Amino acid sequence: MSESSFDVIVLGAGAAGLMCAAQAGARGRRVLVLDRAEKPGKKILISGGGRCNFTNIHTAPERFISANPHFAKSALSRYTPHDFIALVDSHGIAWHEKTLGQLFCDGSARQIVELLLNECAKADVAVACDEQIGRVDHSGVRFAVTTQSQTVDADSLVIATGGPSIPKMGSTGYAYDLARQFGLKVVEPRPALVPLTLGGEDVLFRELSGVATPVEARCGKAAFREAALFTHRGLSGPAILQVSSYWQSGAAIAIDFLTDKERDWLLAEKRDNPGSTLRSVLRAALPQRLADELAERLSLDGPLANVPDADLRVVGARLADWRFQPNGTEGFAKAEVTVGGISTAELSSKTMEAKRVPSLFAIGEAVDVTGWLGGYNFQWAWASGWAAGQVA
Ligand code: FDA
């Protein structure tokens, strides 16, 4: 067993860990990154459909979920999307905005992993993969990490092992176990950016599997205008993934199926096309299978001319506020990220250092800060990794 000493050990060679390591290394710190996977940045490689949605130009603290909504402000303001874009540009990586401020590589997510590894190499950071972390000891001054192949120690330890989403990629709640070992609280983790499952009366909607349509999906105060997709288990698509991060067991979600219609559009249809039926006007506005299912459930038969205005108003209101009662989510197996994690109350918002354990840091998805869909989670990984990298 070999033994070596470093200034900083970073656990996890993902987005946050590699950013932190490169920053600390650039300050002249001797840094070792340990990861149990066979290669670094595996989630980056599969992100954004292989093109990595590496940031979002509309990044703002309100687009992150945390028990303390103020916590992310400092790090996000000190390392912004423009800082990361400048880094991407300096590596000659071509990129484009897809939609809603989401920036993707023109080429491949591999370029982002190479960027991070090049920055680490420039800063003499050692990156060791295939390392199973056994124990982590703390003498009060230094941290010692024992893997199957070595024991290493350092002044500073950075927890950057992510969250438990997508366990088949090797993700676990290891960060939480380690945080608890040091007496840090963990906010109950739950799957986020995840498809919702339907049961009960809603179960029939599963027959619409494959149908997608633009909607506004709402859960509590959160509202997102994007596509929803019916699946064989329930609901997915970007609008649903977004509200899933706010959804708690037992809550309903509301869907406006006709976001571009005026409030009394059915009355206008009745006036302009009195012979039309609810089914025919819905078919003109929505995918046919969805239109038929909704018309069936609303059971409003015959020409609109024969339907009282009050009934049309009720139907219009239901279509703008259709309630689904999800009976669950597809769980961590399908969740892009995790809501919850190491409590921000334990950390300095400026440096990510544990208040009660000097020189212990936590960054990235391991922490109770979760971004919306669309590049926000990587921006949090870069910003929190950068913040810790300035002082670790
Ligand atoms: P990350 O999970 O990246 O890294 C943690 C590292 O720690 C891994 O390398 C892991 O092997 C290692 N590790 C874990 N346990 C360990 C242990 N016990 N010992 C040693 N090492 C350990 N976000 C976004 O902004 N844009 C996007 O396009 C996407 N796309 C996307 C697609 C899919 C399919 C998923 C699952 C997720 C996304 N995300 C995303 C979310 C994004 O991938 C995620 O928020 C970041 O990768 C989090 O970065 P971290 O560095 O915190 O963890």
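Analyst: Of the 392 residues in the chain, 49% are buried. The model is predicted. Its secondary structure comes to twelve helices and 21 strands. The C-alpha trace spans about 85 × 40 × 35 Å along its principal axes. Take the contacts between residues at least 6 apart in sequence: 73% of them join residues at least 24 apart.

Now the part in question. Start with helix 11, residues 309-320. This helix has twelve residues. From first C-alpha to last it reaches 17 Å, close to the 16 Å expected at 1.5 Å a residue. Which residues of helix 11 are buried? They are Leu312, Val315 and Leu319. Viewed down the axis of helix 11, these buried residues fall within an arc of 65 degrees, so they line one face of the helix. An α-helix has 3.6 residues a turn, so residues three or four places apart point the same way.

What does that buried set of helix 11 pack against? Its partners are helix 8 (265-272), helix 9 (278-285), helix 10 (288-298) and strand 17 (322-324).

Take helix 8 next. Its buried residues are Leu266, Glu269 and Lys270. They cover an arc of only 100 degrees around the axis, which puts them on the same side of helix 8. The face turned away from that buried side carries Arg271 and Asp272, both exposed. The buried residues of helix 8 pack against helix 9 and helix 11.

In general, two packed helices are described by the angle between their axes and the distance between the axes. Here the axes of helix 9 and helix 10 come within 8 Å and cross at roughly 150 degrees. That makes helix 9 roughly antiparallel to helix 10, since an angle over 145 degrees counts as such. The crossing is right-handed. On the helix 9 side, the contact is made by Leu278, Arg279, Leu282 and Arg283. Helix 10 contributes Gln288, Ala291, Asp292, Leu294, Ala295 and Leu298.

Helix 1 (residues 15-26) and helix 12 (residues 376-389) have axes that come within 7 Å and cross at roughly 30 degrees. Helix 1 and helix 12 are therefore roughly parallel to each other. Their crossing is right-handed, as is that of helix 9 and helix 10. From helix 1, the contact takes in Ala15, Ala16, Gly17, Met19, Cys20, Ala22, Gln23 and Ala24. From helix 12 come Phe378, Ala381, Trp382, Ser384, Gly385, Trp386, Ala388 and Gly389.

Now the loops elsewhere in the chain. Serine 171 sits in the loop between strand 10 (150-159) and helix 6 (174-181). Is serine 171 buried or exposed? It counts as buried, because it has 22 C-beta neighbours inside 10 Å. Leaving aside neighbours within four places in sequence, serine 171 is in contact with Gly162, Gly163, Pro164, Ser165 and Ile166.

Threonine 231 lies in the loop between strand 14 (222-230) and strand 15 (234-236). With 21 other C-beta atoms within 10 Å, threonine 231 is buried too. Not counting residues up to four places away in sequence, threonine 231 touches Pro195, Ser209 and Ser236. Threonine 231 and threonine 172 are 59 residues apart in sequence and 27 Å apart in space, C-alpha to C-alpha.

Two further loop residues have a positive phi without being glycine. Cysteine 52 has a phi of about 50 degrees. This cysteine lies in the loop between helix 2 (42-46) and strand 3 (53-56). With 29 C-beta neighbours inside 10 Å, cysteine 52 counts as buried. Aspartate 130 has a phi near 60 degrees. Its loop runs between strand 7 (126-128) and strand 8 (133-138). Aspartate 130 counts as partly exposed, because it has 13 C-beta neighbours inside 10 Å.

Note on methods. Residues are numbered from 1 along each chain as its sequence is written. This is a predicted model: local features need pLDDT of at least 70, side-chain atom pairs count only at pLDDT 80 or more; totals for chains, interfaces and linings use all residues. Helices (H or I, at least four residues) and strands (E, at least two) are DSSP runs, numbered from the N terminus. The expected span of a helix is 1.5 Å times one less than its number of residues. A residue is buried if 20 or more other C-beta atoms lie within 10 Å of its own, exposed if 12 or fewer, and partly exposed in between; C-beta atoms are placed from the backbone. The arc is that of the directions from the helix axis to the C-beta atoms. Two residues are in contact if their C-beta atoms, placed from the backbone, lie within 7 Å. Axes are lines fitted to C-alpha atoms, for helices over the stretch in contact, and angles run from 0 to 180 degrees between N-to-C directions. Angles under 35 degrees count as roughly parallel, over 145 as roughly antiparallel, 65 to 115 as roughly perpendicular and the rest as oblique. A crossing is left-handed if the near helix is turned anticlockwise from the far one by less than a right angle, and right-handed if clockwise.
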